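Subject: Structure handover and notes

Hello,

Here is the structure for you to open next to this message. My notes on it come after it.

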Amino acid sequence: MIQSYLTIAWRNLVKNKIFSFINIFGLGLGFAAFIFIALFIVDELSYDRFYPRAKDIYRVQSDISFGGADLKVAVTSDPFGESLKRDYPEVEQYTRIYANEGAKFIRKGEDWITESACAYTDSTFFDVFPRPIIEGKAQTALNEPYTVAISRSAAEKYFKGAALGQTLVVDMEEKLKYKVTAVFEDMPANSHFRFDVLFSMHNANYQFGNYLGHNFHTYILLKKGADAKKLEAKFPDLIDRYVFPQAQQFMQIKNREDFEKAGNSIVYSLLPLQDIHLRSDGRAVELSVNGNMQYVRVFGIVALFLLLIASINFINLSTARSAKRSKEVGIRKVMGTSKQTLMGQFLAESVLSSGISLVFGLLLVLSLLPFFNQLAGKNFSWSHVFQFPFFGLVLALPIVVGLLAGYYPAFFLSSFRPIEVLKSKVNAASSKSIFRNVLVSTQFSISLLLIIATLVVYRQLNFIQQTNLGFNKDQVLVLNGTNALMNNNMAFRNEILRLKGVKSASGAGYLPVDNSARSDNPFSKESTIDAKNGFNMQIWNVDEGYIPNLGMEISEGRNFSKAYGSDSTGIIINETAAKFLGFTHPVGKKIYSAEGDAGGAVPYTIIGVVKNFHFSSMRNEIGPLAMRLRPNDWALAFKLGAAESTKLIPQIAEKWKTMAGGAPFDYQFLDESFNNMYRAELRVGKIALCFSFLTILLACLGLFGLVTYMTEQRTKEIGIRKVLGATTFGITTMLSKDFLRLVLISIIIASPLAWYFMQQWLKEFTYRIEIQWWVFVLAGIGALGIAFLTLSFQSIRAALANPIKSLRSE
């Protein structure tokens, strides 16, 4: 019987070529889009789940509010992990990652290579994050100073495989020698950190024992059965015993209660390892660019929407062409075929169409995979599609969609009464079908929702690009690792300034983009800092050229200058800092910082106020910031002329080659680093644009199929109307108006929904656009225009047909 079903189903598919093409092409596109999005979602949800005890691993993170300045970071103080393990028996082990020193120069043969995937970590790293060890012993790998564990890839890169016991030479100036004590398997791509070189924590350039500095990513492994929430509840006690006694050496703060009464807070919390990639809540100082659970949910909904639209096409076209099959149903019922048998036949056709659509969809996926990888920032291959259990989900698609999408048409067709059918009293293809109209409205509502969402995303991204940032990010070339120049730093800077087209230069250790250096300290206008007068402020080390080089503006006072010897104790603050301090005219006034030796506050004299500039993402408000005159020569920034920028790169590289002692030439433009801050939004915008196009294409494809069948059913009516004098315009309007009315209803439904959801998304940004009325009008006019063009093609063709041919049989 099943073979009979499939044979008849195949014949019907071949017989109705337009119907078959629209269904297979539409479902194929829907399946392809679904598979792409499913790949993306499965990958995003898989981060950090490969560790044997991933559910017992947590990261400690910090939320500090001091004087109205908020600090939400993914790091803690260096002794925090050790204190947890020592004082709380539920903590089995801890480890820390210190990545503040950034990239390292590592020697390979006679050359030096910039290694960015490196960090310092404890000897307990592999206890918390076990990796397959190729050479050496994980337990003792990082016990001693000047030891290093490297990945398989790093072993191949530096030693061509046999690395154990070899010496890794680090730092061009000091030429530090590290012994390779372990080689581990490469860290997977779906990890929130991916390091190739792990140095012993003993060699980190840091003054350990400071509970007030937050610079270490701290992870703890809980004993099986331990409750993370109960451990979190004990953190205030830890703060009382360790943090505030140390803070009292710098500030007049009695205890945590005194601190909190002044409106401040310090909170440490545990984030499950498996939640870091998607639920880290946009924290600063992450080890990599994380994802966003909200976008994963949105893409999941979009995938279901695309399948729904493609399924609606199948339902609509199946019921619309029911008049053509009504006599078949009537005759088969008269011959004794049961309703269940007819339903089985029609469901078999549906599943067969879905199966062919899946083959077409898989071919699309395999051919468009490189494009999707570029779009989504992933590295998927064919193996990801065909691996189980993912491929099992793919194989289930045509069965599930075929049965769900085919059930209503099968039920509808098999319910025809043979007497009415054979008397031609059934007109199932009428455009007045309420159910079909609801489905068409649903299709266009979904399409319009995505179109409006895409317009809003692109307007917000454009706003970010075009808004006045308070600094000039364009044509600023940033050279990294310039500490390799050693004593040649200033000479190199001067050589580059002599090149035609180079306008200015400065140190660039601190830049207003992510993944640049950051430092903060408690400040106050009082020499004795306490819980009421103090606040937390960013403090950046800059040189005299920094502010003019980045196009920042001084609103009061002056910039640093070599003409003033006292500038070493001077400080420039931004407008937000002036408000925090309560100064109307800050220049000349003193402020104090809790730094240096215990018991003292360092005084600074304000020499200028810089206009506010966005030094972090526009999701955040501009916080207080200060600049002081200090070296920051590990990076340099050069302002280039727009016309000469491409010509200057080779010339600067040549100067670097002669003065940097073989160090690699590593550079990027500041605007590229700025755009990386919004990489997730840029990807969402591009993906949303593609899928918006797909939804409108699928909706119009279904509309085209419907109007094709409507015109076929009304061929004689159109012929009679033409004989009686109806114009082409009149007939086109008659055939199109009902469908265009549905599109108008869709606009009314989709607009408030789109406004609500996009308002929620925009709330993530402190600085954001207002959604203008014209966005909805533009999307609506666009949808009406596309729908009208789709309808017009077939309607005009029907209206121009010779009425004699359609009435010949009458």
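The notes below start with the whole chain and then go through individual parts.

This is a predicted model, in which local features need pLDDT of at least 70 and side-chain atom pairs count only at pLDDT 80 or more, while totals for chains, interfaces and linings use all residues. Residues are numbered from 1 along each chain as its sequence is written, and side-chain values use heavy atoms, with hydrogens and water left out.

Whole chain

The protein chain has 26 helices and 24 strands. Helices (H or I, at least four residues) and strands (E, at least two) are DSSP runs, numbered from the N terminus. Of the 810 residues, 52% are buried. Buried means under 20% relative accessible area, exposed means over 50%, and partly exposed is in between (1.4 Å probe, protein chains only). Counting contacts between residues at least 6 apart in sequence, 80% join residues at least 24 apart; a contact means heavy atoms within 4.5 Å.

A four-stranded sheet

Four strands form an open sheet in the order β15-β23-β14-β24, with antiparallel pairing. Two strands count as paired if DSSP finds at least two bridges between them. The edges are β15 (502–507) and β24 (667–669); each has a single partner strand, so one side of each is left without a neighbour in the sheet. On average, neighbouring strands of this sheet are turned by 20° against each other, direction ignored. Axes here are lines fitted to C-alpha atoms, for helices over the stretch in contact, and angles run from 0 to 180 degrees between N-to-C directions.

Strand β14 (residues 476–480) is joined to β24 by three bridges, and the two run antiparallel. V478 has Q668 in β24 as its bridge partner. Helix α20 (residues 645–659) packs on the sheet and touches β14, β15, β23 and β24, with its direction at about 25° to that of β14. Helix α17 (residues 489–497) lies across β14, β15 and β23 (635–640), and runs at about 160° to β15.

A helix pair

The axes of helix α23 (residues 715–723) and helix α24 (residues 728–762) come within 10 Å and cross at roughly 145°. On the α23 side the contact is made by E717, I718, R721 and K722, which meet I731, M734 and L735 of α24. These contact residues divide into four nonpolar, no polar and three charged. In that count, Ala, Val, Leu, Ile, Met, Phe, Trp, Tyr, Cys and Pro are nonpolar, Asp, Glu, Lys and Arg are charged, and the others, Gly among them, are polar.

Aromatic residues

A search of the whole structure finds 46 aromatic pairs. Rings of Phe, Tyr and Trp (its six-membered ring) pair if their centres lie within 6.5 Å; planes under 30 degrees apart count as stacked, over 60 as edge-to-face and the rest as tilted. One of the pairs is Y98 with Y120, which is tilted, at 6.4 Å centre to centre and 45° between the planes. Y98 belongs to strand β3 (residues 91–98) and Y120 to strand β6 (residues 118–121), so the pair ties together parts that are 22 residues apart in sequence. Both Y98 and Y120 are buried.

F613 and F615 make an edge-to-face pair, 6.1 Å centre to centre with 65° between the planes. F613 is buried at 0% relative accessibility, and F615 is buried at 10%. One aromatic cluster is formed by F50, Y51, F125, F126, F129, F184, F193, F195 and Y219.

Loop residues

D56 is in the loop between α2 (17–45) and β1 (57–66). It counts as buried, at 18% relative accessibility. Leaving out residues up to four places away in sequence, D56 touches I220, L221, L222 and K224.

F388 and P389 are joined by a cis peptide bond, with omega about 10°. P389 lies in the loop between α13 (382–386) and α14 (390–414).

K160 is not a glycine but has a positive phi of about 55°. K160 sits in the loop between α5 (152–159) and β9 (167–170) and is exposed, at 75% relative accessibility. D171, also a residue other than glycine, has a positive phi near 80°. The loop between β9 and β10 (176–184) holds D171, which is partly exposed with a relative accessible area of 26%.

Regards
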